[in-house]
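Welcome! Take a moment to look over the model below before reading on.

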Amino acid sequence: MFEYELQQIRSADLIREAQTHRLVREALRGRRAARRAARESAQNDPEGQAQSRRHRRHRFARVA
């Protein structure tokens with residue numbers, strides 16, 4: 001009987017752990033989607049392009 005109760009406790013613990021893992025994964029997916037949406041809206045915004053961190057020109061002049 002004691003082994004059965006231990007197995008039930010372990011099973012419940014594993015189920016809780018799996019639910020937590022799924023919740024964390026879902027939150028990460030949501031953050032990534034929000035970042036992606038913000039990036040896409042900034043690219044489509046004509047005023048947002050000036051605020052980009054990317055350099056349009058090369059840092060150094062080309063070698064002849």
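Here is a short briefing on the fold, the surface and the charges.

This is a predicted model, in which local features need pLDDT of at least 70 and side-chain atom pairs count only at pLDDT 80 or more, while totals for chains, interfaces and linings use all residues. Residues are numbered from 1 along each chain as its sequence is written, and side-chain values use heavy atoms, with hydrogens and water left out.

**Fold and surface**
- The protein has one helix and zero strands; both are DSSP runs numbered from the N terminus, with helices (H or I) of at least four residues and strands (E) of at least two.
- Of its 64 residues, 2% count as buried, where buried means under 20% relative accessible area, exposed over 50% and partly exposed in between (1.4 Å probe, protein chains only).

**The salt bridge**
- Side chains of opposite charge can pair when their charged atoms come close.
- The structure holds one salt bridge, meaning a side-chain nitrogen of Lys or Arg within 4 Å of a carboxyl oxygen of Asp or Glu.
- Its partners are arginine 10 and aspartate 13, with the closest N and O atoms 3.5 Å apart.
- Both residues sit in helix 1, three residues apart, about one turn of the helix.
- Arginine 10 is partly exposed at 47% relative accessibility, and aspartate 13 is partly exposed at 33%.

**Surface patches**
- Patches are made of residues with over 30% relative accessible area and no salt bridge; like charges are joined within 9 Å, and nonpolar side chains (Val, Leu, Ile, Met, Phe, Trp, Tyr) within 5 Å.
- Phe2, Leu6 and Ile9 make a nonpolar patch of about 330 Å².
- Phenylalanine 2 lies in helix 1 and is exposed, at 56% relative accessible area.
- A positive patch includes Arg22, Arg25, Arg29 and Arg39; Lys and Arg count as positive and Asp and Glu as negative, with His and the chain ends not counted.
- The place of a charge is taken as NZ of Lys, CZ of Arg, CG of Asp or CD of Glu.
- Arginine 29 is found in helix 1 (residues 2-44) and is exposed, at 51%.

Terms used:
Accessible areas come from the Shrake-Rupley method with a 1.4 Å probe; for residues, only the protein chains shown count as cover.
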